[in-house]
Amino acid sequence: MMNSIPYWWRHAPPTPGKQQNVQSNCDVVIVGAGLTGLSAAIVLARAGKSVQVFDRGIAGAGASTQNGGILSGNLRMGLTASMAAYGPDRGLAMYKEAIDARRAFRDFVNAEGIKCDLQYNGRFTGAMTPRDFDGMKRAADEENEALGVDAQILERQDQNAMVGSDLYHGGIGRDDIGSMHPAKFYAGLLAVAINAGVTVHDNTAVLNVLDQNHVETLRGNVTADRVIVAMNGYADNSDAWLRKRVVPVTSRIIATDEIDTDVMARLMPRMGTFGEARYLGRYYRPSPDGKRILLGGRDVLVGANPAGAARRLADNVVAIFPELRGIGVDTHWAGQVAYTQDELPSIFERDGIIYACGYCGSGTVWAPWFGRKAAYRILGDERARSAFDCNPPKTIPLYNGRPWFLPFAIGYYGVRDWIAGR
Ligand SMILES: Cc1cc2nc3c(=O)[nH]c(=O)nc-3n(C[C@H](O)[C@H](O)[C@H](O)COP(=O)(O)OP(=O)(O)OC[C@H]3O[C@@H](n4cnc5c(N)ncnc54)[C@H](O)[C@@H]3O)c2cc1C
């Protein structure tokens, strides 16, 4: 019988804090208590601001404790394409910012002493075809030269040092991309926020973001100097404007049954993290104790048949590692990520309200980074500057907050991947 509680919640379940009165006035209101919201709150509280963070559920129970814990800081567009699309300076600056954001995550965990199984055991991105591999080699050379990263090209005959699978036609290794236990990290972040003096209100939805100074909540109206909206993939009608600009996409993960230690050592020799160079590529990793494989992918069929979707993910484990045929799914779960039209993480203002969102499924590094940037904006601190500063995203044509087109879009990208594999 498959369990549908996130695997991570066994070790650090999101737990409601003590209920506190909602203050009708404060310096900053933050809507959403995920990584974005709490990271903003910590900077502001440490700068002496009174901060109330509201979450419509239990704090952390959105994507921030459910994710795969892979610290990719990924951008969907490659370096060369970004430089072509946004100009050489800005395109390069985006990639440099990703390096800074990854480093900042690591520094924060170390500085705060958060115990979250942070590991840097190598990242392998596999090529699905020889042609993909050629493109990946070019991209790795460009990134090494322009950014000084250490992207290692692994020919097919050498990839077994990273992954015990013959599926890939070579791949790229990175040692600066790590992994963590997301629920343990969130618990540590929440403790830092509370120690800094942040008030977190669980189960207190913001019903309406009225303007840059006023919100209506389930437990009363609040006036603040500034408002930050950090709802990402869970944006609801409290901000109908945002809902027309950011598309929520369901992401589902499974954790397999336990696997023998010697088998795990063969399949994942460095116990690193894994991805694929495809639009709808899978991502996977070992659990921090090295006993299970966690594998995820986009899932548009969640309402229809979650257990079936979980079994399809198990089939994907077997497609990569055929010796695991018959492997059981211990648990599966799904959460919401958010995409903007240009598929870039975005920080922007609308009439003075600050928004940070749209991490396109790679938010473990980006969400804390943009949360802090949002706070620096309010503080007038020059660290607010970002290559991702942008105007509010445009509305998505024919979109009213219900992503009816997703099955078609995912089908389209699936077909593109399939054609690329021919
Ligand atoms: C299954 C899954 C796997 C993932 N794997 C990875 C990965 O391996 N690596 C990676 O980099 N990223 C991954 N991600 C993405 C990453 O988890 C997110 O990008 C990141 O957690 C976003 O943080 P956030 O704080 O912006 O949003 P969230 O953590 O989603 O928080 C938003 C919060 O807003 C609250 N909210 C919504 N409406 C209201 C309202 N009206 N009033 C009050 N509160 C409200 C919600 O309750 C929620 O708690 C994954 C996501 C999922 C779902």
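The model is predicted: local features need pLDDT of at least 70, side-chain atom pairs count only at pLDDT 80 or more, and totals for chains, interfaces and linings use all residues. Residues are numbered from 1 along each chain as its sequence is written, and side-chain values use heavy atoms, with hydrogens and water left out.

At the interface, 18 residues of domain 1 are in contact with 20 residues of domain 2 (heavy atoms within 4.5 Å). About 1500 Å² is buried between the domains, and carbon and sulfur atoms give 54% of this area. Buried area is the accessible area (1.4 Å probe) that two parts lose on being put together, summed over both. One salt bridge is counted between domain 1 and domain 2 (a side-chain nitrogen of Lys or Arg within 4 Å of a carboxyl oxygen of Asp or Glu). Asp330 and Arg10 form a salt bridge, with their closest N and O atoms 2.3 Å apart.

A side-chain N or O atom of Thr364 lies 2.7 Å from a ligand oxygen. A backbone N or O atom of Leu35 is 2.9 Å from an oxygen atom of the ligand. A polar backbone atom of Arg56 lies 3.0 Å from a ligand nitrogen.

Key. A polar contact is a pair of N or O atoms within 3.5 Å; within protein, one must be able to donate a hydrogen and the other to accept it, and residues adjacent in sequence count only if both atoms are side-chain atoms.
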